[in-house]
Amino acid sequence: MNSRKTCLASAISLTTLIAANQSLAEPADDGQLEEVVVLGTGATFNSSAVSEAMRKQQSSITSVNALIDNLPGVSVNEGDAYGFDDWSTNISVRGFTISLDEQQIGTTIDGIPNGGSNYGGGAKANRFIDPANLASIEVSQGTSDIASRSLDALGGTIDYRSQDPEDTRRSRMELSAGEFDARRFYYRFDTGTFAGNSKAWISYANQEATDWITETAQNEREHIAAKLVTTLENGSVKTYVSYDDIHEDNYQRIYSETQFKEFPEDDFLRGEWTSIPYIDQLYRRGWSTLRKNLLAYSQFEYDLTERLNLHAGLYYHTNSGRGDWVPPYLVDITNDGNAGQSEFLGGSTAYGGLQTGQIFYVDANGNALTPLDDCISSVVNIYGKSGPEYDPACYPANAIPVMSYRHTHYKKKRTGLTADFTYNVLIAGFEHELRGGLWYEDATRDEHRDWHKITDATRGADFDATPYWVQYDRSHPQETHQWYLQDALVIDALTLTLGAKQFFVDVQREDFFGASPDVGINSDSDILISAGLLWATPLENTELFAGYAENFKAIGDSVLERPDSDLDNIDPETSETIEIGLRYTGDSFTATATYFENQFENRIIFLDNNTTTGPNYLIGTNGTYFNAGGIESNGLELLLDYDLGESFNLYTSYTLINATYLGSGDAAVDEAQGITPGNTVVGIPEQLFVVGLDWNSELLYGGVSSKFTGDRYVDTNNTWVADAYITTDAYIGINLTEINPALTAVNLNLVVNNLFDTDYLGTVVSGGAWIGAPRTLSLSASVDF
């Protein structure tokens, strides 16, 4: 047994001995107030959920992801205050992240797995739920519920819950406007109860905005959703459907501390077309994310007996879209001789194959030109001075510049089934709650990349519909099975849980061009153990909890994208989490304190054949994957939520995190990965501190909240520090109810994000960072009738 398991076992044993002498201990009060932060009362792990005040601090135009930013252990950064741009979105929890290059946190929608959060074929929660239809978001920071279903949950899970329909008929219309041309229209109709035991709603939202830097982006989102709930004599049936269609023009990261200090509000993407490809590769409208997501599920819950509950779900999800970029050249694929470059002249498409060069300028006949001898370029952008091949001054005056519009197409389809039971039984005089479940999913992710000629690189970014090159075309079928079992034993004021779960995941690569052999890999987990303790202490409304869990991340299909790489030494990534904490839940006061430790020891890394490391690592023709190194983190989370009388509420949370890299045991491997054992993990602040004060009256409401984010390192060598910063959000509103029988409610809400217009670096990934959004004002008005 390792030291973490020993530590947890000792804590459980000690607390059990204490509890054995407390036979008269009172159980904790589970009463919750709607206006306070909901804690994971009755759970052996730490969790927390957003409050109504946290919802009001964000504009109705923003994404649902922003709402969890003030919870303990959580940090959320997005490209702008409205949540447009998946490319720059980052969510971190206790040192684990969802970002452009990492997916380490599980996400579910009403308990349904989201299918991954990665950019290439995945989807974050804002693709499935509109903020106006959101009921709650629960963040399990570490060990989480054993029934959570995700293939990415190394560091906890986030469950986004949609609202159930209203009991009475209602229409709600909302209009919103904000800075940077932000506009939103939302309408929802609730049927109220019909057919005796059913109720439903359907909603439509349309919103748009530009970017805050050049104000030239085209950001548009359309979202349609509906939910039907039917109550049965001993259960219920819920059906939910959402469709989301979005076009986002990206923000770009910056790559040096100097850039940010000299240009704290510029990501160097440009809004104007210059006719010089080396500069126009930074044209913002050419950096885009287009996605369509359709999610549908039905969930059935039924009490078979007073002690046995059954729950089942069936879901279907499709994701399609593309990512765009405008390279400052054409790729030379076809050997055209002296007939002119077919990539420029058009009329044919090359499938597969390798590039033979790049084409920068052509003559009137479509023949590639070379720059004049000894020409020195004067063209400069953020990437530095160009070579002469990019400079129009290094070619004849009638030379024609050429560019590509590159599309990476993503498509994913998932069908899944979940089944769960809960059985309460008395065994040897003690209450047991037995839980178990199954999860099955069949998924296929397709990806292909094609290159289109920009029609006229002197005029703009319009491109030929027919590609001149389809670079690759691959499919990745994946099949997932999971089971779990857990027993919760109640002994007076003490609850002990012990559970196990296991994943069986098979993923394959099918190359439609036959450029590489089809290959598959098994991603089965070991049996993963979880254990927990909950003690309702003699102190009224106070619980002590402790938990241990082994977490799992399946091998993703991205490891199959390197042909001829060795896969024999690779296993799924796993982590171990322990936490111990104390929570108090009263009528007007809630608080929790949690100490946690995470250890992620078998990270999947890749070494190619150019790496000067030991021969054991370089087996494959193209290199090898293997497990080595990882992340170690520990820290403390504190939360306090206090109703100060009838009108005021004080909220504060504090997080202390120490997250460091673990070495592989081989100095050459660590050097090849750019890892120094013991260095702080990129993008993880040592401290997070939030304080907010909210005020409610019968007519008016308002609030202010400030968050301190500590220093973060941008590079694995820990030489570039993104400085600590404080952002403040404020809101004020008026709420009129029961105006007349036809108009039942009117609400006006003004939100100011980043009130003091702080300059800061937001999302951080290894080697780069995105600039945080400036002060942004938005106003919303809604009416119910």
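Leu-636 counts as partly exposed because its relative accessibility is 31%; the class lies between buried, under 20% relative accessible area, and exposed, over 50%, with a 1.4 Å probe and protein chains only. The model is predicted, so local features need pLDDT of at least 70 and side-chain atom pairs count only at pLDDT 80 or more, while totals for chains, interfaces and linings use all residues. Residues are numbered from 1 along each chain as its sequence is written, and side-chain values use heavy atoms, with hydrogens and water left out.

Leu-636 is located in strand β35 (residues 630–644); strands (E, at least two residues) and helices (H or I, at least four) are DSSP runs numbered from the N terminus. Together with Ile-580, Tyr-595, Leu-638 and Leu-656, Leu-636 makes a nonpolar surface patch of about 340 Å². Patches consist of residues with over 30% relative accessible area and no salt bridge, with nonpolar side chains (Val, Leu, Ile, Met, Phe, Trp, Tyr) joined within 5 Å and like charges within 9 Å. Accessible areas come from the Shrake-Rupley method with a 1.4 Å probe, and for residues only the protein chains shown count as cover.

The largest nonpolar core has 71 residues. A core of this kind is a set of buried Ala, Val, Leu, Ile, Met, Phe, Trp, Tyr and Cys residues joined through side-chain atoms within 4.5 Å. The members that touch the most other members are Ile-68, Leu-71, Ile-129, Ile-137, Ile-158, Tyr-160 and Leu-761. Strand β36 (residues 648–662) supplies the largest share of this core, four residues. Another core, of 20 residues, lies apart from it and includes Ile-333, Ala-350, Cys-394 and Trp-469. Leaving aside residues up to four places away in sequence, Ile-137 has contacts (heavy atoms within 4.5 Å) with residues including Val-50, Val-64, Leu-67, Ile-68, Ile-158 and Tyr-160.

Cys-394 is buried, since its relative accessible area is 0%. Cys-394 forms a disulfide with Cys-375, the sulfur atoms being 1.9 Å apart; the criterion is a pair of cysteine sulfur atoms within 2.5 Å. The count by this rule is one disulfide. The link is left-handed, with -75° about the S-S bond. It joins distant parts of the chain, 19 residues apart: Cys-375 is in the loop between β19 (361–362) and β20 (380–381), and Cys-394 is in the loop between β21 (384–385) and β22 (400–401).

Salt bridges, defined by a side-chain nitrogen of Lys or Arg within 4 Å of a carboxyl oxygen of Asp or Glu, number 35. Arg-221 and Asp-130 form one of these, at 3.0 Å from N to O. Arg-221 lies in strand β12 (residues 219–231) and Asp-130 in the loop between β6 (112–113) and β7 (134–140), 91 residues apart. Arg-221 counts as buried because its relative accessibility is 8%, and Asp-130 counts as buried at 0%. Arg-221 also forms a salt bridge with Asp-244, whose closest atoms give an N and O separation of 3.0 Å. Asp-244 is in strand β13 (residues 235–249) and Arg-221 in strand β12, so this pair ties together parts that are 23 residues apart in sequence. Shared partners join Asp-130, Glu-174, Arg-184, Arg-221 and Asp-244 into one network of salt bridges. In a further salt bridge, Arg-445 and Glu-447 meet at 2.7 Å, N to O, and both residues are buried.
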